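Here is a quick tour of one protein model, taken piece by piece. Have the sequence and the coordinates open as you read.

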Amino acid sequence: MLVVTPFSVFQPLQKFPFGVSEGHGKALSISATAAPPRPNRADRSPLETRLSLVQAVVSQAATVSQRLLIDLANETAKYVFPRRFESRNLEEALMSVPDLETVNFTVLRRRESYEIREVEPYFIAETTMPGKTGFDFTGASKSFNVLAAYLFGENVAKEKMEMTSPVFTRKDQSEGERMEMTTPVITKKSDNQERWQMSFVMPSKYGSRLPVPKDPSVRIREIPRKIVAVTAFSGFVTDDEVQRRDSQLRDDLKKDPLFQVKENAVVEVAQYNPPFTLPFTRRNEIALEVERKNK
């Protein structure tokens with residue numbers, strides 16, 4: 001036994017691998033005790049080893065599950081807590097769109113029934129729709145699934161990209177015309193082939209370095225900077241509604257003192273919401289490319 005005088009307790013404290021006992025008015029007595037040996041992994045039984053492995057796997061699975069739940073919550077919040085455009089009337093005030101990445105634009109001019117936007121360049125993934133109408137349910141579903149498959153990993157790099165908005169549907173005059181593809185899905189119709197084209201807007205972080213599609217029917221295009229006239233409406237999109245809105249927008253633009261419809265401009269439809277969205281809260285847009293009038 002090692003005996004320490006009372007004076008020694010006022011000395012700087014030191015760490016010893018010993019047990020310590022103290023009495024009233026007596027010297028501290030410190031007895032050496034060995035630390036308990038740690039169990040050697042080699043001494044574990046097969047059952048203990050299996051239990052340890054199961055515990056590690058369960059812990060890792062719990063961590064992965066937590067991450068998945070957090071990701072799911074974040075994605076759900078984009079639809080539960082949507083964002084809204086600046087509205088001109090009650091119909092637009094009720095519209096909402098998911099909080100997803102979309103095309104960037106600047107509003108140059110607001111009118112009672114439409115607005116003029118300058119849209120920044122962006123990339124799209126597009127495919128030709130099988131039907132002769134732009135909003136046939138079967139044809140639209142097939143085209144949407146083809147583009148969604150590319151977005152979610154059906155590409156050479158097996159890259160899973162984030163969903164954007166809107167989906168664009170657009171009439172086309174030539175095979176070489178470019179289309180948009182992000183928050184809206186764009187559907188486009190060829191005058192010669194009576195075909196429509198649908199496109200997704202690509203996440204901007206990729207720029208021109210987008211993964212190559214596995215499906216040859218998916219094409220990647222860059223949409224240059226442009227100026228468009230846009231009018232919004234709610235409800236479900238039909239061919240008759242698109243034709244009516246297109247005609248009305250062209251008539252309204254004839255009275256615009258600053259902008260006019262560009263020659264050979266074709267109508268483009270942007271749809272911002274998933275199918276389960278209530279009709280009166282859906283946001284759809286009709287767009288026509290315009291140019292400034294010569295002074």
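How many residues does helix α4 have, and what does it reach from its first C-alpha to its last? Helix α4 (residues 239–253) has 15 residues and reaches 21 Å from its first C-alpha to its last, close to the 21 Å expected at 1.5 Å a residue. That expected span is 1.5 Å times one less than the number of residues in the helix.

## Ground rules

This is a predicted model: local features need pLDDT of at least 70 and side-chain atom pairs count only at pLDDT 80 or more, while totals for chains, interfaces and linings use all residues. Residues are numbered from 1 along each chain as its sequence is written, and side-chain values use heavy atoms, with hydrogens and water left out.

## The chain as a whole

The protein chain comes to four helices and 14 strands. These are DSSP runs numbered from the N terminus, with helices being H or I of at least four residues and strands E of at least two. Of the 295 residues, 39% are buried; buried means under 20% relative accessible area, exposed over 50%, and partly exposed in between, with a 1.4 Å probe and protein chains only.

Look at contacts (heavy atoms within 4.5 Å) between residues at least 6 apart in sequence, and 64% of them join residues at least 24 apart. The chain exposes about 18300 Å², and carbon and sulfur atoms supply 55% of that. Accessible areas come from the Shrake-Rupley method with a 1.4 Å probe, and for residues only the protein chains shown count as cover.

Eight of the eight residues of strand β11 (residues 226–233) are buried, so the strand is largely enclosed by the rest of the structure. Lys226, Val228, Val230 and Ala232 point one way, Ile227, Ala229, Thr231 and Phe233 point the other way, and all are buried.

Strands count as paired if DSSP finds at least two bridges between them. β5 (residues 115–119) runs antiparallel to β11, joined by five bridges, and Val119 has Lys226 as its bridge partner. β11 also runs antiparallel to β14 (residues 284–292), with six bridges; here Ala229 stands opposite Leu288.

## Back to helix α4

In α4, the buried residues are Glu241, Val242, Arg245, Asp246, Leu249, Asp252 and Leu253. They cover an arc of only 130° around the axis, which puts them on the same side of α4; the arc is that of the directions from the helix axis to the C-beta atoms. The face turned away from that buried side carries the exposed residues Asp240 and Gln243.

## The loop between α3 and β7

Most residues other than glycine have a negative phi, and most peptide bonds are trans. Against that background, Ser165 and Pro166 are joined by a cis peptide bond, with omega about 0°. Pro166 lies in the loop between α3 (137–151) and β7 (167–172). Lys158 is in that loop too, with a positive phi of about 55° although it is not a glycine, and at 61% relative accessibility it counts as exposed.

Asn155 also lies in this loop, but at 0% relative accessibility it counts as buried. Leaving aside neighbours within four places in sequence, Asn155 is in contact with Tyr150, Met161, Pro211, Val212, Pro213 and Lys214. A polar atom of the Asn155 side chain lies 2.7 Å from the backbone nitrogen of Glu159.

Terms used: Polar contact = N/O pair within 3.5 Å; in protein donor to acceptor, adjacent residues only side chain to side chain.
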